[in-house]
Amino acid sequence: MRVWLTGLILLIALPAPASLPSGYETIYLGRRASPDVATAAEDLADLLERTFRERPAIRREPLLAGGDGLRIGPAPDHILFDDDPLTDEILVLRNRRGIEILGSDNPATCFAIYRFLEHCLGWRYYQPGPLGLERLDHPPEPPAMSGMDQVLLHEKAGFLSRNLNRTDTHPGGPDWGRWHGLRERLAYNHELH
């Protein structure tokens, strides 16, 4: 009887599993999103599921506006991005369509997804491998899907980061290089210097 009562008290004391915040039930991929962006969106869905015990659906963005949700895709012509195609820029904003996660191209869009995970959900990937992925003890609240139009995150790379020693995708976690914005390898020769 005492064991049963202790178990009941523990069940009551445990916090109820959180559910996905309103509007986070669907992730829409833009029409120009590459397979790498789709993989990063899967990582986002995995970590949302680990956080809230519910997995959002991932769909291609419909031709018409569609419903609320996270919208992900490259937007090289966005008004807040500069005109230099070699500059990696990312943008996370809230507008009438929900939250948009944008990059100046597909690799920058992947980086934008992971910066969203860090900045807005408290996930960090400190080192390659499954043990390097952690969530802050006191993570931020996910931004509300509706509200005043607001730029939540706008970053421009201070330098063009290239992958010198790419780590392969590790089972149980996202690709560390893609998470940290490492781009394709740069062929080097003496004339390049």
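Q: Why is C120 called buried?
A: C120 has a relative accessible area of 6%, and buried means under 20%, with exposed over 50% and partly exposed in between (1.4 Å probe, protein chains only), so C120 counts as buried. The model is a predicted one, in which local features need pLDDT of at least 70 and side-chain atom pairs count only at pLDDT 80 or more, while totals for chains, interfaces and linings use all residues. Residues are numbered from 1 along each chain as its sequence is written, and side-chain values use heavy atoms, with hydrogens and water left out.

Q: What makes C110 buried?
A: The relative accessible area of C110 is 1%, so by the cut-off of under 20% C110 is buried.

Q: How many disulfides does a search of the whole structure find?
A: The search finds zero disulfides, a disulfide being a pair of cysteine sulfur atoms within 2.5 Å.

Q: Where is T26 placed, and is T26 buried or exposed?
A: T26 belongs to strand β1, where strands (E, at least two residues) and helices (H or I, at least four) are DSSP runs numbered from the N terminus. Its relative accessibility is 11%, so T26 counts as buried. Beyond its neighbours within four places in sequence, T26 is in contact (heavy atoms within 4.5 Å) with P56, A57, R59, D68, G69 and L70.

Q: What joins β1 to β3?
A: Three bridges join β1 (residues 26–29) to β3 (residues 69–74), and the two run parallel; since strands pair if DSSP finds at least two bridges between them, three bridges are enough for β1 and β3 to pair. I27 stands opposite L70 in β3.

Q: In what order do the six strands form the open sheet, and why is one side of β2 and of β8 left without a neighbour?
A: The order is β2-β1-β3-β5-β4-β8, with mixed pairing. Because β2 (57–60) and β8 (150–156) stand at the edges, each with a single partner strand, one side of each has no neighbour in the sheet.

Q: Which strands does helix α2 touch as it packs on the sheet?
A: Helix α2 (residues 35–52) touches β1, β2, β3 and β5 (98–103), and its direction makes about 170 degrees with that of β1. Such angles run from 0 to 180 degrees between N-to-C directions, and axes are lines fitted to C-alpha atoms, for helices over the stretch in contact. Helix α3 (residues 106–121) lies across β3, β4 (89–95), β5 and β8, at about 135 degrees to β5.
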